[in-house]
Amino acid sequence: MMSMMVGELVLAAPAILLSLLLTLVMSHFLPLLLNPKAPRGSFGWPLVGETLRFLTPHASNTLGSFLDDHCSRYGRVFKSHLFCTPTIVSCDQELNHFILQNEEKLFQCSYPKPIHGILGKSSMLVVLGEDHKRLRTLALALVTSTKLKPSYLGDIEKIALHIVGSWHHGKASKITFCDEARKFAFSVIVKQVLGLSPEEPVTAMILEDFLTFMKGLISFPLRIPWTPYARAVQARKRISSTVNGIIEERRKTGSCKKDDFLNVLLSTNELSDEEKVSFVLDSLLGGYETTSLLISMVVYFLGQSATDLDLVKREHEGIRSTKGKEECLSSEDYKKMEYTQHVINEALRCGNIVKFVHRKALKDVRYKEYLIPSGWKVLPVFSSVHLNPSLHGNAQQFQPRRWEGAIQGTSKKFTPFGGGPRLCPGSELAKVEAAFFVHHLVLNFRWKIDGDDVPMAYPYVEFPRGLPIEIEPI
C-alpha cells in the first residue's frame, strides 16, 4: 500500500511542478495582460523580475546601467517588475513631483515588509495617514526650535573640535574619514535626542547596538539566528529597552529639565511610549547616516576640486577673522556660509544619498500620457533628475557655482531629501552640522584622498573603502 502511494506521488510530481511553474509564470505576467495601457517596459524573469539588475552597484554620481538602458529603450517612465511586484519607474521630474505631492491622495508610502520588521510598526518611515502627520508635525516642531538654538550650535562645535582635535599629531597622517564622520554625527544626534555625552557608558552601548542595527537594515532579510537581519531586529529591541530605561529613570527622578528631544517627548501625551521610543530611533537613524554621509561627500568632492576648496577656505577664514580666538560660531555665522551651502547642495546633487523612494498607487492614475495601474509599486528616482543634463548643465561635473542665485532648498529638479508631506524634517539640521564641521576642517587641515574610492549606490550609498584620506595640519 505504502509503495503504491509513493509510486503515485513520484508519477504526479512532474505534473505538480509544472502546475506550480505555470502558476508562477501566469501570476508574474498577468498584470501585463490586464494593463496593456501601462507605460512600455519589461518584467524580466518570474519571481525575481528585474530586481537584481536594478540593484546592481554603481557609482552614485551615475544612473547605473539598468536605468541608462531602460530610459534609452522605453523613455523616462517605464514599467518593470521590482521587489516582487509590478512597478512603474519614474525618471521624470514632473511625474516625480506629482507623485510626492499626492501622498495619501493618489499614492501611499509602501516600503517592503522586511523594512517594517526591522524599523518597527510605529516608525515614522513606515506609518501612514494621520499617524504619520502627527509624528511629522512633532518632528518639525522639534527641528524648528532646535536648528539655530545657541546650545545646539555649541554642542555641534564642541564635538567637531573634539573630532578634528584628535587628528593633531604634528605631522601628516592617514584616517578613514567615513568612520570619523560617523563618530561626529552620532555624538551630535545622541546628545540632541537623549542628552548623552560621548564619554558616557550608555552612549557606547547604544552605538554598538545601533551599528548592528544599521548593518541589518541594508542586509538580505533572512530572519534566522546569526544573520545580520536577525541580529538587527534584536539590536533594535535592546536599543528600545535602553531608551525605555532612560525614560523610566527620568520619570522616577523627575529629571525632565534636560534640553533635548526626549524631554519634549515626555511632556506630550499625544504619543504612546512605543511611539516615543520609535521616534527616538528614527531621529538617531536620520541624524546618523544622512549627516555622516553628507559630510563624507563634501570632503570627497572638495578633495577633487582645489578651486572650490580654496573658495570654501576663504569664506571660513573671513568668518573666523571677525570672531575672538575662542568665540563660538553663531546662527549669523551660519547664514554667511553661502559658498559652503552651494558645495553642500552640489554634493547632495552629485552624490545622491537617497536614490529613490517606495510608493504605491491607491487607484488607477492618469498623468499626461501615462497610466499607473492601481496597486502597482511606484518608484520616483531622484538621482535620474539630479543627473539629467537637460536640467543641470554638465550634470556629471561637480560645480557648486551652479547654485549661485538659484533657489535654495527642495525644488522639482532637486529633491535630495524627498518631497511633499514626507520631506525629511531634519534636512536642515544635517546641513548645519556639515557646515560647522567643514569650518573647523578647512581651517585646520589640508587633505587628499588616498587611492581610489568613490561613493557607490547599492542602492544605499557608501564608500567601499571608507574614504581613506591623508591629512596634514595647517
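1. Setting aside neighbours within four places in sequence, Lys-448 touches Ile-469 and Glu-470, where contact means heavy atoms within 4.5 Å. Lys-448 belongs to strand E10, residues 445-449. Helices (H or I, at least four residues) and strands (E, at least two) are DSSP runs, numbered from the N terminus. The C-alpha atoms of Lys-448 and Leu-302 are 9.2 Å apart in space, although 146 residues separate the two in sequence.

2. On the basis of the note: this is a predicted model, in which local features need pLDDT of at least 70 and side-chain atom pairs count only at pLDDT 80 or more, while totals for chains, interfaces and linings use all residues. Residues are numbered from 1 along each chain as its sequence is written, and side-chain values use heavy atoms, with hydrogens and water left out.

3. Strand E9 (residues 377-380) is covered on both faces. Lys-377 and Leu-379 on one side, and Val-378 and Pro-380 on the other, are all buried. Buried means under 20% relative accessible area, exposed over 50%, and partly exposed in between (1.4 Å probe, protein chains only). In a regular strand the side chains alternate between the two faces of the sheet.

4. E9 has strand partners. Strand E3 (residues 85-90) runs parallel to E9 and is joined to it by four bridges; two strands pair if DSSP finds at least two bridges between them. Strand E6 (residues 359-361) pairs with E9 in the antiparallel sense, over two bridges. Lys-377 of E9 stands opposite Thr-87 and also opposite Lys-360.

5. Ser-383 lies in helix H16. Ser-383 counts as buried because its relative accessible area is 2%. Beyond neighbours within four places in sequence, its contacts are Leu-63, Asn-352 and Lys-355.

6. Cys-424 sits in the loop between helix H16 (382-386) and helix H17 (427-444). With 29% relative accessibility, Cys-424 is therefore partly exposed. An unreviewed UniProt entry annotates Cys-424 as "binding site"; UniProt positions are given in the numbering used here, feature names are shortened, and annotations may be inferred rather than shown by experiment.

7. Helix H8 (residues 177-194) packs against helix H12 (residues 273-302) at about 145 degrees, with the axes 8 Å apart. Axes are lines fitted to C-alpha atoms, for helices over the stretch in contact, and angles run from 0 to 180 degrees between N-to-C directions. The contact includes Phe-184 and Ile-189 of H8 and Leu-284 and Tyr-288 of H12.
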